[in-house]
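Good morning, and thank you for coming. Please look at the sequence and the structure on the screen while I speak.

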Amino acid sequence: MAKYPTHVPLNPLFKGAVATLSAAGALLRPARADLVAAVGETTGEWQLQRLKERMLADPTGTGRAILEEKPRITDEFLDQCWDLPPHTFGGAYAQFMKQRHFHADDRPPVRFVDDAELAYVICRMREVHDLWHVLFGCHTNVFGELALKALEFVQTGMPMPGLAVAGAQFRLKPQDRMILQQQFLPWALRAGNNCHDLMTIYYERHIEEDLDDLRRLWRIIPAPAAPKPAPKASGSSPEKGPSSPAPST
């Protein structure tokens, strides 16, 4: 029996099959957000319970408030940010989404988590991903996506971000993999351990506040700058940078 509108109940055998097939598909086609989402939902339910308990235990009460009120980051929320000054959190988020032609409603729905409360927890993780891009100044090329996934793994302990980083980095050219391992992954470890618990921030209440002030408040360490393309030799064909970004879901 369905526990929420998008729920697809599966017995353990079918859930294992979905996890295995989705994982194989995600490794071959890492930009397939639906496959990545399915792996996360079918392999991380035990960790979602721990995240829920952590939010309930948040001493400020904010984590509990999020679970009780269940705010959503949707296009309706994005609409509230359009008229905000660019130095504000909400204004910076609106510009980030506009520049990339992103829509907040584009995230795939949660389907395979059997508990409605835990389904909201993973939904929340999914929906605040782009807010984390803004907070950390993290670009959306392959380095930025993999670095933010690594930070997400440090913060949440969910297996899927860690698996995404472990698998996707080996699709990179050797020099790009070295940049990822020497610059971006160490940053993710440091930033993820240093910052506030990202799952217990009620982002919707802070959209009118100065972005730099919030970064200081939440102990945010900005991401490294995007690597510059290597100079081309005369007469050579344009060198392509990393072209298979990790999925952002």
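Predicted model: local features only at pLDDT ≥ 70, side-chain atom pairs only at ≥ 80, totals over all residues.

Residues are numbered from 1 along each chain as its sequence is written, and side-chain values use heavy atoms, with hydrogens and water left out.

Let me begin with confidence. The term pLDDT is the predictor's confidence in each residue, from 0 to 100. Its mean over the chain is 89, and 90% of the residues reach 70 or more. Over residues 230–241, however, pLDDT stays under 50, and the model has 7 contacts beyond four places in sequence for them; a contact means heavy atoms within 4.5 Å.

Which elements make up the chain? There are 12 helices and 0 strands. Both are DSSP runs numbered from the N terminus, helices being H or I with at least four residues and strands E with at least two. Of the contacts with a separation of 6 or more, 74% join residues 24 or more positions apart.

I turn to the interior. Buried means under 20% relative accessible area, exposed means over 50%, and partly exposed lies in between, with a 1.4 Å probe and protein chains only. Buried residues make up 49% of the 249 residues. Helix H2, residues 33–43, is mostly covered, with 8 of its 11 residues buried; Leu35 and Val39 are among them.

In soluble globular proteins, nonpolar side chains tend to be buried together. A nonpolar core is a set of buried Ala, Val, Leu, Ile, Met, Phe, Trp, Tyr and Cys residues joined through side-chain atoms within 4.5 Å. The largest one here has 63 residues, and Phe89, Tyr93, Phe136, Trp187 and Tyr203 have the most contacts inside it. Apart from that core lies another, of 6 residues, including Ala26, Val39, Met160 and Ala164.

Next, the spaces. On a 1 Å grid over the protein atoms alone, a cavity is a set of points where a 1.4 Å probe fits but cannot get out; a pocket is an open set with protein on both sides within 12 Å along at least five of seven lines; lining residues have an atom within 4 Å of a point. Grid points are joined across faces, edges and corners, and a volume is the space filled by probe spheres set on the points.

The largest pocket has a volume of about 390 Å³. Of its 19 lining residues, Thr6, Arg72, Val110, Cys123 and Glu127 lie nearest its centre. The count of cavities of 30 Å³ or more comes to 2. The second largest cavity holds about 40 Å³, and its lining includes Tyr93, Arg126 and Glu127.

Finally, some single residues. Most residues other than glycine have a negative phi. His101, however, has a positive phi, near 55 degrees. His101 sits in the loop between helix H6 (89–100) and helix H7 (116–127), and its 68% relative accessibility makes it exposed. Arg219 also has a positive phi, of about 60 degrees. Arg219 lies in the segment after helix H12 (211–217) and is partly exposed, at 42%.

What is the place of Leu21? Leu21 is in helix H1, residues 12–28, and is exposed, with a relative accessible area of 64%.
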